[in-house]
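Open the model in your viewer and keep the selection panel at hand. The tour visits a helix pair, then the cavities.

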Amino acid sequence: MSEQHTTSGPRNSAVGRRGFLAGAAAVAATAATPALARDAAAAPAARPNILLIVTDDQPKQTDWAIPKTIEWLGGHGVTFTHGHAATPLCAPSRSSIFSGRHAHHHGVRNNSASYSLDQTTTVQRHLKQAGYRTGLFGKYLNAWTLADNPPHFEEFALLQPGYNDARWNVDGTVQQLPGYTTNIVKNRTLAFLDKSTTDSRPWFAYVTPYASHAPNTPAPKYTETPVPAWNGRPSVPEDDRSDKPAYIRNATSTLDDARETRKRQLRSLLSVDDAVQAIHDKLFALGQLENTLVIFTGDNGYTWADHGWTKKSVPYSPAHEVPFYLSWPAGGLGGGTTDHRIVANIDIAPTILDAAGLARPAGQDGRSLLGSESRDHLLVQWWKKGTGGEGPKSWASYVAKDKQYTEYYDLYTDATGAVSGTGQVTFREYYDLAADPYQLKNLLYQATPAQEQALGVPALAARLAADRAG
């Protein structure tokens, strides 16, 4: 394991699928500590269909743009309040979603290294082998050659990233398709679902629009849609960054920059919300809404001029926190509950395989969210590609609900994800997230050894080292 897991927990935590299917009683969530709970009377008669929706660069604070998604999956499912990307970068994150592994295990440490993923470890491979009909609609992995078919997907429309009149690989044929790509993703998904009327196999659909990735182009009907005013947050921008690493001290993004990025992202996500509603309506019409496990998340977050930075790839909360929803009414997860466990993209593959009744393969770092396990912290990490350019050095972080400890390293990756460098720690940060949720005061800046000891930093550093080696 790459981070601490505990099997003991509050009496209102989730029950495992096997116990649930055996008739174990579900435990109701309390108002004080909401948790994932399932109705033991709702055991599915067959393996569920599985719908996995992954957006691109969607920050957590984007609820305004996805009300229909929240109504469906939050109102009739589970809202995870502490969802994270274990590596806040597209290809590493998506590889973690597929494999249930941290990036230092699956090898895709940067966006150029997608071919380093062992395709035998992916959830789509396990589901296809188990008799699922598999489909992919939208973005796959960065640096993937468009003409190369995505392994273990029976049907696919693989997008070369873009918003309008983009190029696609449709079931092995590379072609340009006219129109707005989120709508194409929607329509291809609906057609895939329709085929279940003549194909009795359960299905797995990986649905992944390009929104809200830059340039965040909205559909024509949303080009001028007004968005709610936003006055930033205390970290936007942070005036005194003397306690931060050099790339943050030199960052130049402003509140106006953040407002423009936020506006474009929200507008681009409106079409995602439309697509999710259309998929919901199709599942209802097909009679498949109850026994479809749906997971919705972003591949990483995005900062809006927090600490002067408007990108991803950094250890600050807006970059690695993501929206995270799950719904499965036939599995007892349709009641509109809230789960406060620390969860991450590495948990998606184990959850899907658990719901499908498949054994958890060796090598996965995540845990099924259908069980009761919880973690007290998460390993979040990122690697710098090459030795040049501005921006952060490679880093790793211990992320808990109440604190975060980060180390930056003299480490670099090449196009295959291979790592080189001395590994020397070049900068450290510690934030008391309970008292300082916007990460304004790095408590390790000019700290004495006694102060570090009082913060528990030696133990945190040891735990982080063990997580990275695990």
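Select H6 and H8: the two helices are roughly parallel to each other, because angles under 35 degrees count as roughly parallel. H6 spans residues 181-194 and H8 residues 255-286; their axes come within 9 Å and cross at roughly 10°. Axes are lines fitted to C-alpha atoms over the stretch in contact, with angles from 0 to 180 degrees between N-to-C directions. Helices are DSSP runs (H or I, at least four residues), strands likewise (E, at least two), numbered from the N terminus.

This is a predicted model: local features need pLDDT of at least 70, side-chain atom pairs count only at pLDDT 80 or more, and totals for chains, interfaces and linings use all residues. Residues are numbered from 1 along each chain as its sequence is written, and side-chain values use heavy atoms, without hydrogens and water.

Next, show Thr-182, Lys-186 and Leu-190 on H6, with Val-272, Ala-275 and Ile-279 on H8; these are among the contact residues (heavy atoms within 4.5 Å).

Move to the largest cavity, about 70 Å³. Select Ile-342, Asp-347, Leu-369, Glu-373 and Arg-375, the closest to its centre of 11 lining residues. Strands S11 (337-344) and S12 (374-375) each give two or more residues to this lining.

A cavity is a set of points on a 1 Å grid over the protein atoms alone where a 1.4 Å probe fits but cannot get out; lining residues have an atom within 4 Å of a point. Points join across faces, edges and corners, and volume is the space filled by probe spheres set on them.

Notes. Angles under 35 degrees count as roughly parallel, over 145 as roughly antiparallel, 65 to 115 as roughly perpendicular and the rest as oblique. On a 1 Å grid over the protein atoms alone, a cavity is a set of points where a 1.4 Å probe fits but cannot get out, and a pocket is an open set with protein on both sides within 12 Å along at least five of seven lines; lining residues have an atom within 4 Å of a point.
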